[in-house]
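Welcome, and please open your viewer so that we can take a walk together. At each stop you will hear what to select and what is there.

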Amino acid sequence: MKIVYSIDAKFGGSGIGWIAYNAAAGIYRAGHLARLFVNSNAQTTIPRALIRQWGIAGRGVKYLAAKDATALLDYLENTLFDYWVAAQLPTAQIFHGWNAMCLRSLQRAKTRGMITVVERASTHPATQARLMREEYARWNVPLKFPTWNLARMRQEFAHADYIIVPSAFARATMLAEGIPAPKLIEIPFGVDLTRFAPADSTRARPFRAIFAGTVTIRKGVPYLLDAWQRLQWHDAELWIVGAIAPDFATIRARWNDLPNVRFIPHTNELARLMQQCDVFVFPSIEEGSALVTYEAMAAGLPLITTPNAGSVARDGEEGFIVPMRDVDALCARLERLRGDEALRARMRRAARARVESFTWEHYHARLLAFYERAVAERVR
C-alpha cells in the first residue's frame, strides 16, 4: 500500500502542520509513504527524498497571506500549491489531501484510479460560517470571515471517496449539510503524554483556571470572562494563554477591571503552566477537535468545555460539557469544581486515564486501519 500525502502548511509546525506531521510520520514508519507534498518542512523524521517542498515563492506568499484579512492571497496560494502537486502527482493506492488545498490533485488522483481522501480538521464550512456570523453579530464586531474557498471545499467533498473528521461534532455538521454517512471517517487526534503530564505535587496556591489557544471570539473567550466577572472571585486566578486575535482586541476593554485575570502570550511552556492550574476552561463556539483539550487532559486537568470543541472528554467523567454561550453553566461548573476538591481529584485521574487512549500512536493506528479497510473495499 502506497500513500501520497499533501498539505499546504509548514509541515511539523503548529496547528494543522503538527497534525499532518503526526499522520505522515506514522505512514512513513509503517512503510507506506510514497510522497509528501508540503509548503515547507520543519522536521527531520521523514527523509528529504520523500518530500517535495513548495519552495521560497510559496513560503513568501503564505507569509503575506497570513497578514491579508480578506484571505484572497491564501486562496490563490492554496490553488497554486494544488496545481503544483497535481502536475507531479505519482501513482499510488491512496491520495490524502487537506481541505481547500487539493481539488485539482483529487481530480488527477481519481483519473489514475487512486482512492481519494480529504482531511477536514474543522466543522463543515457552512456550519463554520454560520456560527461565526452569529458570534460576531452578538459582540457587534465586523465580520471578516473569508468565503473565497467555500465553493472549492464543497467540490473537494464531492470528489473525495472519504472525508476524515476528528470528532462526533464535526461529523454531525457534515451530515447536516448532506454529506453521505459512508464517506465520513471519524479519527480523533492525539497527544504526547511525555510532554503533557500531571504535576508531581500540588503546592498551596489560589484556585486557578486556565484557558489556552488563540484568544479569539471563535473560542468563546468573552463568555469565560463574563463568567469570571459574575463570580467576582478575589482569591482565585484565571490565566488566559495565547496570542490575542484582532477580533478580541476590539472588545477586550470590557473586562479590563476583572480581578486576578492574567493574559499570557503564546508560549512553548504551556505544559508547565497547565501543571500549575486546577481546571481547564475552553468554551469554544466552533472547532473540529481542539488539540489543547487533549493536552489539558494529559496534564490531569478537568475540563469545562462545549460540545462544539470536539473534545474526547465526557460530561461528568473527565469534566463538564456545557452549552455554548451559556455563562450560567460556566459559573455553576466553576463553582462546583472549586468547592469540591474530591471531585477535582477524581476528574484529574479520569482525564489522564481517558486520554491515554488518544495518543499520537493511537492516531496512527486508527488512520492506518482506515487506509487498509479502504484498500480492501476497493479490491472487493
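Start by selecting glutamate 286 and arginine 218: their side chains form a salt bridge, with the closest N and O atoms 2.8 Å apart. A salt bridge here is a side-chain nitrogen of Lys or Arg within 4 Å of a carboxyl oxygen of Asp or Glu. Glutamate 286 sits in the loop between β11 and α11 and arginine 218 in the loop between β8 and α8 (221–231), so the pair ties together parts 68 residues apart in sequence. Helices (H or I, at least four residues) and strands (E, at least two) are DSSP runs, numbered from the N terminus.

Before moving on, a word about what you are viewing. This is a predicted model, where local features need pLDDT of at least 70 and side-chain atom pairs count only at pLDDT 80 or more, while totals for chains, interfaces and linings use all residues. Residues are numbered from 1 along each chain as its sequence is written, and side-chain values use heavy atoms, leaving out hydrogens and water.

Is glutamate 286 buried or exposed? At 0% relative accessibility, glutamate 286 is buried, whereas arginine 218, at 21%, is partly exposed. Buried means under 20% relative accessible area, exposed over 50%, and partly exposed in between (1.4 Å probe, protein chains only).

Next, select arginine 378 and aspartate 161, whose side chains meet in a salt bridge (3.3 Å, N to O). Arginine 378 is in helix α14 (residues 360–379) and aspartate 161 in the loop between α6 (150–159) and β6 (162–165), so this pair ties together parts 217 residues apart in sequence. The salt-bridge count comes to 18.

Now go to glutamate 295, in helix α11 (residues 291–298). Glutamate 295 is buried but has no salt bridge; arginine 195, the nearest side chain of opposite charge, is 4.9 Å away. For charge, Lys and Arg count as positive and Asp and Glu as negative; His and the chain ends are not counted.

For the next stop, select tyrosine 371, one of the residues with the most contacts inside the largest nonpolar core, which has 104 residues. Such a core is a set of buried Ala, Val, Leu, Ile, Met, Phe, Trp, Tyr and Cys residues joined through side-chain atoms within 4.5 Å.

Finish at cysteine 331: its sulfur is 19 Å from the closest cysteine sulfur, in cysteine 277, too far for a bond. The disulfide count is zero, a disulfide being a pair of cysteine sulfur atoms within 2.5 Å.
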